[in-house]
Amino acid sequence: MTIGVGLFSGFGSGAVQIAGPPVLIYWLSTPNAVLTVRANFLVYFLLLDLTLCAIYFFQGLFAPELVALALILAVPFFLATAIGARMFHGSSDLLYRRIA
């Protein structure tokens, strides 16, 4: 099962740069505690994003306009992340799984 999820995620990443949904569905369907599931999400996306940024950098895909846009969009991204983290600490496992 895990290999199939990895293959499907890799195919999605290579085809249309969307690797997350198979992994998210897989982890949310496990009986693991929500703290474990959320931690796995965070680590998975951190490693995926760092890898993609390195690849894009070495391929010369970073333009000044792109970096400026990323910096502008970082503000609402980190704000939304902080709000989500605050909301997570008061929620139950069932509520988290339903919203995620």
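Helices here are DSSP runs of H or I with at least four residues, strands are runs of E with at least two, and both are numbered from the N terminus. The model is a predicted one, in which local features need pLDDT of at least 70 and side-chain atom pairs count only at pLDDT 80 or more, while totals for chains, interfaces and linings use all residues. Residues are numbered from 1 along each chain as its sequence is written, and side-chain values use heavy atoms, with hydrogens and water left out.

Let's start with the whole chain. The protein chain has five helices and zero strands, giving the pattern α-α-α-α-α along the sequence. Its C-alpha trace spans about 45 × 35 × 15 Å along the principal axes. Of the 100 residues, 16% are buried, where buried means under 20% relative accessible area, exposed means over 50%, and partly exposed lies in between (1.4 Å probe, protein chains only). The chain exposes about 7700 Å², and carbon and sulfur atoms supply 76% of that area; accessible areas come from the Shrake-Rupley method with a 1.4 Å probe, and for residues only the protein chains shown count as cover. Taking contact to mean heavy atoms within 4.5 Å, residues 24 or more positions apart account for 55% of the contacts with a separation of 6 or more.

Within helix 3, V34, V37, R38, F41 and L52 are buried. Their cover includes helix 2 (20-28), helix 4 (64-88) and helix 5 (93-99). An α-helix has 3.6 residues a turn, so residues three or four places apart point the same way.

A nonpolar core is a set of buried Ala, Val, Leu, Ile, Met, Phe, Trp, Tyr and Cys residues joined through side-chain atoms within 4.5 Å. The largest one has five residues: V34, V37, F41, F88 and Y96. Helix 3 gives the largest share of this core, three residues. Leaving aside neighbours within four places in sequence, Y96 is in contact with L28, V34, R38, F41, F88 and S91.

F62 is partly exposed, at a relative accessible area of 35%. Together with F57, F58, L66, V67 and L71, F62 makes a nonpolar surface patch of about 650 Å². Patches are made of residues with over 30% relative accessible area and no salt bridge, with like charges joined within 9 Å and nonpolar side chains (Val, Leu, Ile, Met, Phe, Trp, Tyr) within 5 Å; a salt bridge is a side-chain nitrogen of Lys or Arg within 4 Å of a carboxyl oxygen of Asp or Glu. Helix 4 supplies the largest share of the patch, three residues.

S13 sits in helix 1 (residues 2-16) and is buried, with a relative accessible area of 16%. S29 is exposed, with a relative accessible area of 56%.
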